[in-house]
2 protein chains.
Amino acid sequence: MAAFVLATLGTAQAATLDRGQLEQSADRAAAASYKEWVELLAIPNDATVPADIQKNVDWLVKAFARRGFQARALPNGDKPMVYAEYAAPGAPAAGRKTVLFYMHLDGQSVTPSQWAQKSPWDATLKARTADGKWEALPLDKLYAGPVDPEWRLFARSSSDDKGPIVMFLAAMDALKAAGVEPGVDIKVLLDSEEEKGSPSLGQVIGQNLALLRNDGMVILDGPMHQSNQPTLVFGNRGIQLVQLKVFGASQGLHSGHYGNYSANPVQRMASLLASMKDDNGRVTIPGYYTPVKIDARARQIMAAVPDDEAALKRRLGIASPEKVGANYQEAMQYPSLNVRGIAAGDVGPKARTIIPEVAVADIDLRTVPETPPETLVALLRKHIEKQGYHLVNGEPTAEERARYPKLASLTAGEVSASSSAARTDLDAPVSKWLQGVMQDTYGRAPVQIRMMGGTVPTGAAVQALKSPFVIVPLVNADNNQHSFDENMRLGNYRDGIRTLMGILQTPFR
Amino acid sequence: MAAFVLATLGTAQAATLDRGQLEQSADRAAAASYKEWVELLAIPNDATVPADIQKNVDWLVKAFARRGFQARALPNGDKPMVYAEYAAPGAPAAGRKTVLFYMHLDGQSVTPSQWAQKSPWDATLKARTADGKWEALPLDKLYAGPVDPEWRLFARSSSDDKGPIVMFLAAMDALKAAGVEPGVDIKVLLDSEEEKGSPSLGQVIGQNLALLRNDGMVILDGPMHQSNQPTLVFGNRGIQLVQLKVFGASQGLHSGHYGNYSANPVQRMASLLASMKDDNGRVTIPGYYTPVKIDARARQIMAAVPDDEAALKRRLGIASPEKVGANYQEAMQYPSLNVRGIAAGDVGPKARTIIPEVAVADIDLRTVPETPPETLVALLRKHIEKQGYHLVNGEPTAEERARYPKLASLTAGEVSASSSAARTDLDAPVSKWLQGVMQDTYGRAPVQIRMMGGTVPTGAAVQALKSPFVIVPLVNADNNQHSFDENMRLGNYRDGIRTLMGILQTPFR
């Protein structure tokens with residue numbers, strides 16, 4: 001048995017492309033795929049319009065089927081997802097691993113008038129002029145070639161996340177053209193509601209556990225490292241939303257008649273928020289960071305990330321960052337506490353001279369695997385009570401008002417698996433496999449992100465399927481995803497195909 | 001000369017009404033005046049509609065002229081004010097004082113649909129039912145009498161401030177009917193924009209300094225003490241608006257990617273606001289309260305005010321007040337710092353997971369005569385800078401962003417004389433005169449408010465005319481002024497006429 005496995009692997013390895021072949025082959029595959037990319041981008045994909053989602057699903061099922069995948073829609077109300085699988089001819093080879101590739105077919109909502117082109121669905125090729133502006137080129141220049149890697153294709157989902165889907169199809173075509181069989185059995189899941197927070201991903205996976213079973217998941221979503229070097233991301237923070245209200249008098253009061261007498265809830269909210277963080281941005285709620293342990297190896301990995309913090313600070317428009325971690329990467333390894341919105345009374349021309357009756361702060365807590373949401377919410381609750389607050393549910397009653405000098409409420413949002421933190425060990429087999437692919441494909445180690453700060457719905461898959469994941473971002477960091485004028489750099493498109501060919505041709509042991 | 005003065009005064013005193021006569025006479029005068037009150041209330045008086053203001057002016061000029069006043073409109077753009085004067089027959093008697101009565105003819109804006117009656121201009125008589133609701137009665141019950149002092153007349157400006165104007169006219173009629181000549185020379189100024197902050201009062205006074213010259217001003221506006229006992233108010237706080245902005249990154253940032261790295265301006269605003277006040281509501285900005293000195297006599301006056309703080313706390317829905325003063329009255333003697341509105345990002349369904357780029361707090365500083373607005377703003381500015389902030393004008397530049405870790409702006413609103421604090425000594429001649437009138441009219445000392453917390457435009461008159469003022473509020477405290485269902489209690493209407501008769505018949509020495 002062991003001998004057979006080795007022989008099989010030996011054969012597969014012999015049939016892979018080397019670094020130079022990969023590059024040339026990816027270039028050709030890119031050129032051959034542009035029309036299909038533009039065609040897919042022309043189908044609107046806001047998940048608030050189920051009919052549009054269905055059109056994307058139909059197109060994608062056919063596109064995968066054309067490549068020899070068994071492809072079909074996975075039921076999910078009126079927004080089905082897409083499932084496709086591709087196995088080596090005949091029965092699965094012993095010792096051969098199955099990899100699940102996750103992408104999403106839906107896109108962010110658009111405001112067409114904001115876009116500097118006919119429509120966000122009308123993919124537009126653009127080149128940057130000498131004075132830094134984007135100028136449209138005829139699409140024929142894309143189709144006829146040769147293309148400049150600095151040109152970009154502008155359209156909703158050009159990067160997020162239809163670009164990677166089409167790159168994936170092109171990589172399959174390129175391997176086939178080169179006579180290379182994939183080194184792994186392939187499963188593909190295309191989410192239809194990722195931009196809405198993947199509310200039903202956990203459920204769809206739960207209903208299809210056997211179908212989706214795998215040895216490792218590759219998430220093809222999100223931007224590469226700012227340096228635009230090949231990137232692997234091994235984890236992401238989760239998110240827990242909470243709303244904090246601090247109550248004042250039972251109604252807004254005349255600030256002249258009651259200023260200095262009836263406590264102002266904004267002032268109290270300010271003191272309460274100020275008690276939660278120090279001047280360096282570190283959370284001071286006891287125990288908030290305690291479970292997070294970062295060892296020397298992790299610190300080394302993070303220090304090796306080529307972040308240009310001077311450029312980052314310039315870009316953000318800040319003189320100095322908070323001091324939660326020694327550097328940007330380290331800061332992302334800790335849970336956060338962020339006031340995403342605050343409101344009381346009015347500001348500007350509508351402001352009235354009142355003591356507002358209530359101050360509302362919407363807060364997001366980014367979680368890490370060591371600090372699950374319920375732990376952080378419990379610590380926050382305890383901290384607020386320790387500041388002298390009586391926490392009520394809903395509005396305080398007259399009796400509570402008469403009894404407690406300080407009244408507040410804390411409401412925690414629902415937590416789904418999609419919003420959980422998740423992290424894969426950098427020495428896990430799937431990690432080693434992809435590190436090797438990147439080294440082989442580009443001749444150097446990739447940028448390795450231990451855990452990114454944002455939240456992607458890896459948790460839903462990890463919790464249901466109990467398999468490890470790695471995120472392999474392929475698109476340029478400055479792609480304007482989630483905003484208008486989303487685009488993909490053509491050099492990234494070509495290199496993405498190359499990366500995917502490398503992944504698909506390499507056995508995962 | 002001295003002998004002549006004494007003789008004149010002796011004559012005038014002989015012709016005054018005693019306590020019982022005042023009460024009976026005021027009752028009759030009230031009954032005779034209801035139709036005129038309802039007629040005046042029927043003329044809308046929102047100062048945003050100049051044509052309506054003109055109609056009120058025309059009506060009032062005629063009404064004063066009918067009583068023997070020299071009355072006319074005082075030019076003020078398209079919202080003239082009304083001036084009227086009434087002197088003793090012949091040349092002004094030597095030693096006789098001139099008193100300027102200030103009232104206002106304009107009213108707050110209305111939302112008619114909120115009112116529980118046909119229209120806010122259609123005065124409606126109501127009685128309270130056993131279960132505490134207000135039930136309409138036919139107006140004939142008002143005109144035919146006898147009226148219940150607990151009945152109320154509901155209409156915009158019934159209390160604020162047409163009620164006092166009609167009471168004043170009725171008091172003049174009553175004195176005339178009794179053959180009593182006023183004890184002072186009378187000047188009347190009716191503001192047309194009080195509810196809009198009296199923006200041009202200072203200017204109109206400045207253009208008519210000689211005309212308006214007086215020995216003391218009586219401001220007939222605002223509610224009586226909660227106890228509904230005869231009240232004198234000797235001062236009011238002023239107001240200075242400021243807007244504080246704390247800047248974060250140059251745009252809203254993804255809270256996942258930048259939470260723990262780029263400082264949150266709401267968090268910084270919270271720390272900054274928290275540094276300005278302690279948990280007892282006392283301003284901790286050095287020097288903020290320092291110039292305020294309250295002596296033993298003032299403390300005694302304030303302690304004598306029959307405030308029911310237990311009832312007040314119940315009404316406000318708070319368990320305990322701030323500890324700026326030993327009691328409510330004392331708290332009003334200090335300048336305040338009140339966050340009237342705060343905003344950053346969004347709250348509720350529109351909230352997004354961002355680090356907002358800016359936090360905005362609109363603040364009102366109630367001033368007292370010892371702490372003028374420019375002093376408080378300078379202290380505030382110094383305090384903010386001491387917390388490490390660089391204060392910018394407008395938006396920070398890229399250079400300022402790169403240089404200063406903490407950026408904020410502080411914008412002070414314009415200060416007009418109308419928004420200044422003002423206070424008259426309780427031992428000033430005008431104070432003594434009115435204290436005596438109240439004692440004579442009601443047989444006991446009035447409630448004396450050293451300085452009320454709100455702002456009324458006394459400062460404009462005080463600064464221009466250099467004469468002292470006392471506010472004599474006449475209307476029930478629960479009159480819903482500035483809101484819908486404004487009303488006046490008929491008992492207050494009758495007693496207001498009585499108070500004004502007392503004032504008008506009593507020489508001011």
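How many residues lie between β1(A) and β2(A) in the hairpin that these strands form? In this predicted model, β1(A) and β2(A) form a hairpin with six residues between them, and Gly77(A), which sits in the turn, has a positive phi of about 55 degrees. The two strands, β1 covering residues 70-74 and β2 covering residues 81-86 of chain A, run antiparallel and are joined by five bridges. Within this pairing, Ala73(A) has Val82(A) in β2(A) as its bridge partner.

**How the two chains are related**

Chain B is superposed on chain A by a rotation of 180 degrees with 0.1 Å of shift along the axis, the RMSD being 0.1 Å. The two copies are therefore related as by a two-fold rotation axis. Among the residues of chain B, Ala270(B) comes closest to this rotation axis, its C-alpha lying at 2.0 Å. Because 100% of the interface residues of chain B are also interface residues in chain A, the copies meet through the same surface.

**The interface**

The contact draws 75 residues from chain B and 75 residues from chain A. The size of an interface is often given as the accessible area lost when the parts come together. Between chain B and chain A the buried area is about 6,100 Å², and carbon and sulfur atoms give 51% of it. On the side of chain B, the residues that lose the most area to chain A are Asn260(B), Tyr261(B) and Arg340(B), which together account for 16% of what that side buries.

Polar contacts between chain B and chain A number 44 residue pairs, counted where both residues have pLDDT 80 or more. Strand β13 (residues 338-345) of chain B supplies eight residues, the largest share of the side of chain B that touches chain A. Sorted by class, that side of chain B has 36 nonpolar, 23 polar and 16 charged residues.

**A sheet that crosses between the chains**

Strand β13 (residues 338-345) of chain A and β13(B) run antiparallel and are joined by five bridges. In this pairing Ile342(A) stands opposite Ala344(B), while Ala343(A) has Ala343(B) as its bridge partner. The two β13 strands belong to an open sheet of 10 strands with mixed pairing, in the order β16(A)-β17(A)-β11(A)-β15(A)-β13(A)-β13(B)-β15(B)-β11(B)-β17(B)-β16(B). At the edges stand β16 (390-391) of chain A and β16 (390-391) of chain B, each with a single partner strand, so one side of each is left without a neighbour in the sheet.

**Salt bridges**

Side chains of opposite charge can pair when their charged atoms come close. Over all chains, a search of the whole structure finds 45 salt bridges, and across the interface of chain B and chain A the rule finds two. The table gives two examples.

| Asp279(A) | Lys406(B) | 2.9 Å |

The salt bridge of Asp279(A) with Lys406(B), by contrast, joins a residue of chain A to a residue of chain B.

Key. Residues are numbered from 1 along each chain as its sequence is written. Chains are lettered from A and ligands numbered from 1 in the order in which they are written. This is a predicted model: local features need pLDDT of at least 70, side-chain atom pairs count only at pLDDT 80 or more; totals for chains, interfaces and linings use all residues. Side-chain values use heavy atoms; hydrogens and water are left out. Contact means heavy atoms within 4.5 Å. Buried area is the accessible area (1.4 Å probe) that two parts lose on being put together, summed over both. A salt bridge is a side-chain nitrogen of Lys or Arg within 4 Å of a carboxyl oxygen of Asp or Glu. A polar contact is a pair of N or O atoms within 3.5 Å; within protein, one must be able to donate a hydrogen and the other to accept it, and residues adjacent in sequence count only if both atoms are side-chain atoms. Helices (H or I, at least four residues) and strands (E, at least two) are DSSP runs, numbered from the N terminus. Ala, Val, Leu, Ile, Met, Phe, Trp, Tyr, Cys and Pro count as nonpolar, Asp, Glu, Lys and Arg as charged, and the others, Gly among them, as polar. Two strands pair if DSSP finds at least two bridges between them. Copies are superposed by least squares on the C-alpha atoms of residues with pLDDT of at least 70 in both.
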